[in-house]
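Walk me through this structure.

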Amino acid sequence: MGPVKVKVSGSASIFKQPSLVTAENDTTVYMVALAQLPGANLVIDYTKIYTGKMFWPFYWQRLELEGTACKMEGGQQIIK
């Protein structure tokens, strides 16, 4: 169907590094990518990038997903 790209930035934090690396955030990024193309139900050939930056005592984080959204359909072939 087409390419998708999502960037999610975490909030900045002082003295403590926030955590964007959670199963909930992974699911959220994946679902936002699917929502970019109506009818898509699968993202294939994707890359997920986690970036953390520090300028003590401040921390920033970003999570990105880039891939191809597509629609998967079950086959209707009659097997003999």
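**From one leucine outward**

Leu-34 lies in helix α1. Helices (H or I, at least four residues) and strands (E, at least two) are DSSP runs, numbered from the N terminus. This is a predicted model: local features need pLDDT of at least 70, side-chain atom pairs count only at pLDDT 80 or more, and totals for chains, interfaces and linings use all residues. Residues are numbered from 1 along each chain as its sequence is written, and side-chain values use heavy atoms, leaving out hydrogens and water.

Is Leu-34 buried or exposed? With a relative accessible area of 11%, Leu-34 is buried. Buried means under 20% relative accessible area, exposed over 50%, and partly exposed in between (1.4 Å probe, protein chains only). Which residues does Leu-34 touch, leaving aside its neighbours within four places in sequence? Leu-34 is in contact with Ala-40, Asn-41, Leu-42 and Val-43. Contact here means heavy atoms within 4.5 Å. Leu-34 and Lys-5 are 29 residues apart along the chain, and 9.7 Å separates their C-alpha atoms.

Now take the whole helix. Helix α1 covers residues 23-35, 13 residues in total. From first C-alpha to last, α1 reaches 18 Å, close to the 18 Å expected at 1.5 Å a residue. That expected span is 1.5 Å times one less than the number of residues. Val-29, Ala-33 and Leu-34 are buried in α1. Seen down the axis of α1, its buried residues fall within an arc of 140 degrees, so they line one face of the helix. The arc is taken over the directions from the helix axis to the C-beta atoms. On the other side of α1, Glu-24 and Ala-35 are exposed. What covers the buried residues? The cover includes β1 (2-9), β3 (42-55) and β4 (58-70).

Next, the aromatic rings. Rings of Phe, Tyr and Trp (its six-membered ring) pair if their centres lie within 6.5 Å; planes under 30 degrees apart count as stacked, over 60 as edge-to-face and the rest as tilted. By this rule there are two aromatic pairs. Tyr-30 and Tyr-46 form an edge-to-face pair, 6.1 Å centre to centre with 70 degrees between the planes. This pair links distant parts of the chain: Tyr-30 sits in helix α1 and Tyr-46 in strand β3, 16 residues apart. Tyr-30 is partly exposed, at 22% relative accessibility. Tyr-46 is partly exposed too, with a relative accessible area of 40%. Phe-58 and Trp-60 have ring centres 6.2 Å apart and planes at 35 degrees, so the pair is tilted. Phe-58 counts as partly exposed at 34% relative accessibility, and Trp-60 counts as partly exposed at 39%.

Gln-61 is in strand β4. At 4% relative accessibility, Gln-61 counts as buried. Its side chain and that of Tyr-50 are joined by a polar contact of 2.3 Å. A polar contact is a pair of N or O atoms within 3.5 Å; within protein, one must be able to donate a hydrogen and the other to accept it, and residues adjacent in sequence count only if both atoms are side-chain atoms.

Glu-64 is also found in strand β4. Glu-64 is buried, with a relative accessible area of 11%. Its side chain makes a polar contact of 3.1 Å with the side chain of Arg-62. Leaving aside neighbours within four places in sequence, Glu-64 is in contact with Lys-5, Val-6, Lys-7, Thr-47, Lys-48, Ile-49 and Thr-51.
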